Amino acid sequence: MCATEIAQAKAMMSTTVDKTKMYADLDQSKAYAEFRPRYSDELFKAIVDYCKETNPNLNMAVDVGCGPGMSTIGFTKYFKKVIGVDVSETQIACAPKNIPNAEFRTGYSDKLPFIKSGTVDLFCSGESFNLMPQKETFAEADRVLRPGGTIALFGYDVMKASKPEINAVIQKLWIKFLPYWPKESTMIFDKFRNVTLPYSDFKRREDLQITGNMNMTEYIGLMKSLWPFVAYSKDHPEEDVAGELERDMLETLNQVNAPGDKTFDFAWDLFVLMGHKPKN
């Protein structure tokens with residue numbers, strides 16, 4: 001999104017959302033676990049390679065704002081132990097239980113009393129740092145990170161479809177729900193460009209993507225995982241919100257796709273900020 005679009009969006013967004021309650025609904029958390037996009041292996045490898053620049057021993061990672069564990073799971077391939085932390089009990093309840101080196105806890109990014117100081121190799125957050133108290137979260141990251149450890153913040157912006165007609169439907173929906181987004185979400189739309197990590201040795205990457213093909217079940221499931229969908233639906237119980245979304249998308253797919261093809265290609269642009277804690 002360009003700066004003008006972000007400014008226009010911010011003017012429409014909410015200042016009253018209780019960010020700690022955005023993912024309290026169990027059905028929403030289940031949809032989140034099933035239908036939210038999976039981060040690419042390239043993203044995990046980029047972060048791990050950066051970690052190894054100053055610390056070859058990848059013992060522990062902490063993933064704050066982990067949701068049901070999308071990013072937490074990705075790091076278990078590289079670290080001996082990964083702890084996922086989230087304020088939402090329902091999100092943690094939807095996290096996997098069968099990964100030996102993954103542990104999930106309810107908690108806050110700025111209060112991790114169960115982690116000893118100077119013991120963490122990677123402190124990370126995917127698609128959620130905008131909802132956290134920044135100064136306090138950075139202070140807690142500095143406390144738990146060992147010298148030479150890494151902090152990494154990453155996420156993805158608004159989904160794009162490969163065909164402009166389908167993309168127009170997605171953008172129309174996004175605008176409809178804008179008043180239900182917390183204003184802090186503009187940080188995601190802006191790819192954290194105004195975020196400065198607490199360590200001078202940090203870098204940014206914006207050359208990665210999540211891509212794939214989505215069917216209608218996945219599309220509606222994704223929408224049901226979004227806080228604005230849940231909040232709008234509660235405020236408008238007379239509307240069949242999911243049904244209207246499906247009809248709009250199907251009408252467009254019937255116009256631009258081959259007969260019977262109810263899918264569309266999508267892409268999310270990824271971004272990541274990574275910084276090393278000084279060794280002395």
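Reader: Which helix do aspartate 49 and lysine 45 both lie in, and how many residues apart are they?

Author: They sit in helix H3 (residues 41-52), 4 residues apart, which is about one turn of the helix. Keep in mind that this is a predicted model.

Reader: What does aspartate 49 form with lysine 45?

Author: Here's the general idea: side chains of opposite charge can pair when their charged atoms come close. In this case, aspartate 49 forms a salt bridge with lysine 45, and the closest N and O atoms are 2.8 Å apart. Aspartate 49 is partly exposed at 35% relative accessibility, and lysine 45 is partly exposed too, at 45%.

Reader: How many salt bridges does the structure hold?

Author: There are 18. One of them links aspartate 269 with lysine 160, with the closest N and O atoms 3.3 Å apart. Aspartate 269 belongs to strand S8 (residues 264-276) and lysine 160 to strand S6 (residues 160-161), so this pair ties together parts that are 109 residues apart in sequence. Shared partners also join Asp157, Lys160, Lys191 and Asp269 into one salt-bridge network.

Reader: And is aspartate 269 buried or exposed?

Author: The cut-off for buried is under 20% relative accessible area. Aspartate 269 has 18%, so it counts as buried, while lysine 160 is partly exposed at 32%.

Reader: Why is strand S2 largely enclosed by the rest of the structure?

Author: Of the 6 residues in S2 (residues 81-86), 5 are buried, so the rest of the structure largely encloses this strand. S2 runs parallel to strand S1 (residues 60-64), joined by 5 bridges, and also pairs in the parallel sense with strand S3 (residues 102-106) over 5 bridges. Valine 85 in S2 stands opposite valine 64, and its bridge partner in S3 is arginine 105.

Methods:
Residues are numbered from 1 along each chain as its sequence is written. This is a predicted model: local features need pLDDT of at least 70, side-chain atom pairs count only at pLDDT 80 or more; totals for chains, interfaces and linings use all residues. Side-chain values use heavy atoms; hydrogens and water are left out. Buried means under 20% relative accessible area, exposed over 50%, partly exposed in between (1.4 Å probe, protein chains only). Helices (H or I, at least four residues) and strands (E, at least two) are DSSP runs, numbered from the N terminus. Two strands pair if DSSP finds at least two bridges between them. A salt bridge is a side-chain nitrogen of Lys or Arg within 4 Å of a carboxyl oxygen of Asp or Glu.
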